[in-house]
Amino acid sequence: IGHPKGAKLRTRPGEPATPTPALSTRQLEEMLELAMQTDAEMYLACLLLYITAARVSEFTGMDVGDVRREAGSVRIGVTVKGDRPDDAYLDGPTGDLVLNLIGSRTPDAPLVPRVNGDRMTREYVARVVNRAGDLIGQHVTPHVLRTTAINIAIEERGLHAAQQLAR
């Protein structure tokens, strides 16, 4: 899925405009499978970045207290662009995985902490995601996962679902 003709893309001065690449469904599934086998932190970071289509700053701001079980599903409260609250919904297995991860940690603890328990920084998240991309021979950034989520939503559920995800 490409960008519409005439779409304005942000670039650095003097650089040509290039759209953010996206992974195919097959590449995404392969990367997540290999990440799960390699490193729990890598797997969870990539999975949640994809499922929530969160910007990296939204992802690093997610806390344990943002997760709640409601009406049989698990939701993560996300503060999106413009400091607006929104919810990301997790399916059964993913919701259970997140609830198990949380355990008895305090509500203000980071949802996906670094190995040492500290909150992930933007740079740290980028390194973790890039390592996951290396597993499939692709350059993957947090924004590539966001673009992938939105593109797959368009293909599988239509434009309205993608617009909600892009929030």
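Trainee: Where is Ala53 found?

Mentor: Good place to start: this is a predicted model, in which local features need pLDDT of at least 70, side-chain atom pairs count only at pLDDT 80 or more, and totals for chains, interfaces and linings use all residues. Residues are numbered from 1 along each chain as its sequence is written, and side-chain values use heavy atoms, with hydrogens and water left out. Helices (H or I, at least four residues) and strands (E, at least two) are DSSP runs, numbered from the N terminus. On that numbering, Ala53 sits in the loop between α2 and α3 (56-60).

Trainee: What is the phi of Ala53?

Mentor: As background, most residues other than glycine have a negative phi. Ala53 is not a glycine, yet its phi is positive, at about 55°.

Trainee: Is Ala53 buried or exposed?

Mentor: Buried means under 20% relative accessible area, exposed over 50%, and partly exposed in between (1.4 Å probe, protein chains only). The relative accessible area of Ala53 is 0%, so Ala53 is buried.

Trainee: And Ala71, buried or exposed?

Mentor: Ala71 is not a glycine, and has a positive phi of about 50°. This residue is found in the loop between β1 (67-70) and β2 (73-80). With a relative accessible area of 86%, Ala71 is exposed.

Trainee: How is helix α1 oriented relative to α2?

Mentor: Axes are lines fitted to C-alpha atoms, for helices over the stretch in contact, and angles run from 0 to 180 degrees between N-to-C directions. Angles under 35 degrees count as roughly parallel, over 145 as roughly antiparallel, 65 to 115 as roughly perpendicular and the rest as oblique. Helix α1 (residues 25-38) and helix α2 (residues 40-52) have axes 7 Å apart and pack at an angle of about 150°. That angle is why α1 and α2 are roughly antiparallel.

Trainee: How is α1 oriented relative to α6?

Mentor: Thr25, Leu28 and Met31 in α1 meet Leu145, Thr148, Ile152 and Glu156 in α6. The contact divides into four nonpolar, two polar and one charged. The two helices pack at an angle of about 130°, their axes 11 Å apart. That is why α1 and α6 count as oblique.

Trainee: How is α2 oriented relative to α5?

Mentor: Glu41, Met42, Ala45, Cys46 and Leu49 in α2 meet Tyr124, Val125, Val128, Val129, Arg131 and Ala132 in α5. This contact divides into nine nonpolar, no polar and two charged. The axes come within 9 Å and cross at roughly 100°. Therefore α2 and α5 are roughly perpendicular.

Trainee: Which residues does Gln138 touch, leaving out those up to four places away in sequence?

Mentor: Gln138 lies in the loop between α5 (122-134) and α6 (142-157). At 30% relative accessibility, Gln138 counts as partly exposed. With residues up to four places away set aside, Gln138 touches Leu23, Gln27 and Gly133.

Trainee: How far apart in space are Leu159 and Leu48, C-alpha to C-alpha?

Mentor: Leu159 has its place in helix α7 (residues 159-166). Its relative accessible area is 54%, so Leu159 is exposed. Leu159 and Leu48 are 111 residues apart in sequence, and C-alpha to C-alpha their separation in space is 21 Å.

Technical notes: Contact = heavy atoms within 4.5 Å. Nonpolar A, V, L, I, M, F, W, Y, C, P; charged D, E, K, R; others polar.
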